[in-house]
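User: Could you walk me through this structure? I am new to reading such models.

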Amino acid sequence: MRRWLGKTAMPRDSTSTTGAAAGASPVRWTALPAAFAPQPTAPRLSAPWLLARLRTMSADELGSRAWRSVRNALHPPARRQIRIDRRWLPAPLPLSAGDRDELIRDAIEILRGRYPLLGRWIDAGAHPTWTQAFAHLASDVTAAELSPAEDVRYLLELNRHGHFVCLAQAWHATRDRRFANRIADHLRSWNGECTHGTGAAWSSPIEPAMRLVQWSLACQWLGAGGDAPPLTAAVRDLWRAAVATHVEHVARRLSSHSSANNHLIAELAGLVVAAATWPEAMPGSAADDAVLGLQRELLGQHGADGVNREQALSYQVFVFDLYVVARQAAASLGRPFGAEVDRRMAQSARFVAALRSSRGELPALGDSDDADAVRWSRATPAARGGRVIALAAALGIAPELAALADPAQPALRWLALPLPAPDGDPLEVRRRLPRRFDDGGHYLLGADFGGAREVLVRADCGPLGYLRIAAHGHADALAVTLAIGGHEILVDRGTFTYNARPTLRRAFRGTLMHNTVTVDGRDQSEPAGPFIWLRHARAHCESCSGSDEAAELTGVHDGYLSLADPVRHSRRISWEAAGARLTVDDRLSAAGAHEIAVAWHYSAACALQLAADQLIADTPAARLRVAARAEDEQGRTVDTLRWLLPAARPEAAIGWHAPLFGQRQPAPTAVYAGPIAGSVRIVTTFEIEWQGSGP
């Protein structure tokens, strides 16, 4: 008996051959076949992973890595002595009573041993064991939630010391020495446990670099160079010695070649803020090199349209925060960023603003671990997008975004950046934002952007990711997301995990978990590890035109041309305001037989039902009537495809949504699927029926 997704299957409706030939009944599925079940990726550092990693490296990269290893082993760096702490941030603007109360509550939670890590509050103890902080939670494993002991990413985040910033801010706001004393306690215990160069805390140069960022900001709000520092001289000496070790370590191990993604930006940002905070940590020429290198990477890792080349929106926000902090630090060193960098990052902010729904929600494009480069306050994904908009306006690099910004954004207060007075109507500013981002391959269709009856269709015709490993990209070529009335309706299913549960890691970034077409259960691109793609699908937009009233986009990708019987997938997306109708026209060109699935992933706030082969989706803002039909090259109906509504099962990925890293919840999914023979055209229409007078 054939196996099906998640369990042994019920038989098909018919056992006859595929198609609707004379005398044959069409074979129609009752569930997705085993080929569509998720497969694990090779664990990191396993033999298959190592082989795949080597395949992504050029001869130049292999030689460079070997030379650096020998150099670092034979020529240890000289230690620098740091004697002073320098203040480079102005005093924060006054916080609102609500922000102050929230800050104090969070800091007290940290004193109690609970830490904000990757979007969750997690118990690691008031005095964590830094190398095994979550051992007591190892048995706390469920189908819907990762235990922090499962994925090393939680341990890495704890060791980045983001909670130092919250404690330092709480000390600044209250002068309560408990908060500063806890920083001192953790500095001492961390330095005693985490031997330089060993363990998770030193596993990649981004880890000490991110500690430099957090330490620098904590030092600012503890009153660097002040008359009454809350830390003893002995603790400050310990901290400075650790800074010297960190700077030397990062500067000699900067990520390069196929690893030079957001990690390299974070490493250079760490060196820049260290140079501003502890001038003796880096001589002037080294600080110059770090500032210039960071500007070069910010330009290189963003297209002219502002889209981050990693194709992961969460990391675009992460990088923007690093840019802001490092920009302020560099200016204090007399090394301001160039105008070209500011223009490029202004475009980054406009891209984020364009993708936001009218309720401030952002789509989950590519990987996300829900980490903040700096923890300004409790931040949802929507709040992170709003922070980018507010900071871009306050810095003066995109002043028109002030009309869309929240003046109460906590980051503005902590950086002492007043928001300029809005110039223009917010709806007009929103509607003037770009709709096509050709370098990044993202396109927007719809109507009433920013308004009550907003229909926001986001289409992805971009590359898989950045550099040869495309570490944080998802196999989502030609996928769409849809927001109606500000609510996310058709969604990317998120990330869930990086290092734990390799089957689910592969599944959540695979093609079937995105709103596009999967052929023969294969991903469009070939994964070889949790952060490695060997073969990259190439997508591009063939045409895009239109307005609020009517718009059309056509895209194509080559991800299935590598099959024994190649399949070319093109997708035309059309919007008609007059009928409140979205049409997605998929064309699959092939010679032989294939199994296909057109997936539509709905948010957990939606409810689906089938009525006479029509799908009805009730959403927070409107009812969607969804119909699908398939036809062959001669225009004849193909009867082998049908709607399937897979349920969420613990061992499966489909039917689940990961709103945060490490968490998932059941969410409705509809798949129009079945076997085909030769070329087919599949047309899916979404008709919007607004509830009452509107959302």
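Analyst: Two strands pair if DSSP finds at least two bridges between them. Helices (H or I, at least four residues) and strands (E, at least two) are DSSP runs, numbered from the N terminus. A hairpin joins β11 to β12 through two residues. This is a predicted model, in which local features need pLDDT of at least 70 and side-chain atom pairs count only at pLDDT 80 or more, while totals for chains, interfaces and linings use all residues. Residues are numbered from 1 along each chain as its sequence is written, and side-chain values use heavy atoms, with hydrogens and water left out.

User: How many bridges pair β11 with β12, and in which sense?

Analyst: β11 (residues 526-529) and β12 (residues 532-535) are paired over three bridges in the antiparallel sense. Within this pairing, glutamate 526 has arginine 535 of β12 as its bridge partner.

User: And which strand does β14 pair with?

Analyst: Strand β14 (residues 550-557) runs antiparallel to β15 (residues 568-576), and eight bridges join them. Leucine 553 has isoleucine 573 in β15 as its bridge partner. β15 is also joined to β16 (residues 581-589), again antiparallel, by nine bridges. Here arginine 571 is partnered by aspartate 586 of β16.

User: What lies between β15 and β16?

Analyst: The two strands form a hairpin with four residues between them, and alanine 580 in the turn has a positive phi of about 45°.

User: Changing topic: where is serine 543, and what does it touch?

Analyst: Serine 543 sits in strand β13 (residues 539-546). Contact means heavy atoms within 4.5 Å. Leaving aside neighbours within four places in sequence, serine 543 is in contact with Glu552, Leu553 and Thr554. The C-alpha atoms of serine 543 and threonine 554 are 5.3 Å apart, although 11 residues separate the two along the chain.

User: Is histidine 474 buried or exposed?

Analyst: Histidine 474 counts as buried because its relative accessibility is 1%. Buried means under 20% relative accessible area, exposed over 50%, and partly exposed in between (1.4 Å probe, protein chains only). Serine 543, at 35%, therefore counts as partly exposed.

User: Where is that histidine, and what surrounds it?

Analyst: Histidine 474 is in the loop between β7 (455-460) and β8 (480-484).

User: What joins the side chains of histidine 474 and aspartate 367?

Analyst: A polar contact of 2.8 Å joins them. Such a contact is a pair of N or O atoms within 3.5 Å; within protein, one must be able to donate a hydrogen and the other to accept it, and residues adjacent in sequence count only if both atoms are side-chain atoms.

User: What is the volume of the largest pocket?

Analyst: Its volume is about 1,300 Å³. On a 1 Å grid over the protein atoms alone, a pocket is an open set of points where a 1.4 Å probe fits, with protein on both sides within 12 Å along at least five of seven lines; lining residues have an atom within 4 Å of a point. Grid points are joined across faces, edges and corners, and a volume is the space filled by probe spheres set on the points.

User: Which helix gives the most to the lining?

Analyst: α2 does, with four residues.
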